[in-house]
Amino acid sequence: MKLGHLEFHILTDGYCYLDGGAMFGVIPKPLWEKKVQPDARNRIQLAMNCLLVHAGHKRILIETGAGDKWTPKLRDIYNLGESRLLDQLLHYGMHPHDIDVVINTHLHFDHCGGNTRLAHDKVVTTFPNARYIVQRGEFEHAMAPTERDRASYFPENFAPLQQSCKLSLLEGDRAIAPGVELIRVPGHTADMQCIKLSGGGKAAFFFADLVPMTPHLQLPWIMGYDLYPMTTLENKKKWISEVAREEWLALFGHDPHTRAGYLRERDGKVEVEPVTID
Ligand SMILES: [Zn+2]
């Protein structure tokens, strides 16, 4: 997909499975299971979509999925398969050392697990030449999470980056390359960031966990994981309308079926017109 001088591809690290109730918060199961079928353990399938962006001569990777540093027990809990991200990068001719910038929208394990990998039982950075970018508030929280969200943060995914001085911590919105804007959007966590890509008069917006899957376009469908659900609600109103009104391409981080689409607002309801891009 091209946006003026900017080019991007949607990749995936594979799938993970999370509790359907937790994914839809206050929405009763009889409603959400009409949209998404749970498995025998009440889990639903989530994709872990990532973006590869070519901006000028910069190669930017947005999100790194769950990676491969998993114990069999946790693999089973989340029904994680093999990490696919590096193979998918290779498909576009990219080796790990070709990546200049890695952006994590936040530091939950399904967004940054591929930041690092195991080499002879040692944790090393997967993308040796990359600067990794995350919001400072997210990093500080990830290093000292609460009892409620500590299960989502694995220090081996991000602490080694700071030790090796590969981490850039942002405070608020920032354009990191022409047409690549990081926008702090709190709600899921206090300092999650979404990404706006633009060029040639067009734009695309990566919702991260503000709208992880298309059913979450309905305003009250907010994940139980969100630390600040009322802030999520405010930001959903703001960004869903903006993306629909401006006719930006919406990019969904966790939807296994619809990775991209245009939003149409009809009679107060938002519908997606899916677009296939690779
Ligand atoms: Zn997520």
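Is Q193 buried or exposed? In this predicted model, Q193 is buried, with a relative accessible area of 0%. Buried here means under 20% relative accessible area, so a value of 0% places Q193 in that class.

**Around Q193**

To find Q193, look at strand β12, which covers residues 193–199. The side chain of Q193 makes a polar contact with the side chain of Q135, at 2.9 Å. Leaving aside neighbours within four places in sequence, Q193 is also in contact with a list of residues that includes I103, N104, T105, L170, R184 and A208. Q135 is on that list too, together with I133 and V134.

**The zinc site**

Now let us turn to the metal. The zinc ion is coordinated by D110, H111, D209 and H254, at 2.0 to 2.5 Å. The angles among its four donor atoms run from 82 to 160°, and the site is irregular. Along the sequence, the donor residues follow the spacing D-H-x97-D-x44-H. Since D110 belongs to helix α5 (residues 109–112) and D209 to the loop between β13 (202–206) and α8 (229–245), the pair ties together parts that are 99 residues apart in sequence.

How do the burial values of these residues look?

| Residue | Relative accessible area | Class |
|---|---|---|
| Q193 | 0% | buried |
| D110 | 9% | buried |
| D209 | 3% | buried |

Note on methods. Residues are numbered from 1 along each chain as its sequence is written. This is a predicted model: local features need pLDDT of at least 70, side-chain atom pairs count only at pLDDT 80 or more; totals for chains, interfaces and linings use all residues. Side-chain values use heavy atoms; hydrogens and water are left out. Helices (H or I, at least four residues) and strands (E, at least two) are DSSP runs, numbered from the N terminus. Buried means under 20% relative accessible area, exposed over 50%, partly exposed in between (1.4 Å probe, protein chains only). A polar contact is a pair of N or O atoms within 3.5 Å; within protein, one must be able to donate a hydrogen and the other to accept it, and residues adjacent in sequence count only if both atoms are side-chain atoms. Contact means heavy atoms within 4.5 Å. Donors are N, O and S atoms within 2.8 Å of the metal (3.2 Å for Na, K and Ca); water is not among the atoms, so sites may look incomplete. Four donors count as tetrahedral if all angles lie between 85 and 135 degrees; four count as square planar and six as octahedral if opposite donors are over 155 degrees apart and all others between 65 and 115; anything else is irregular.
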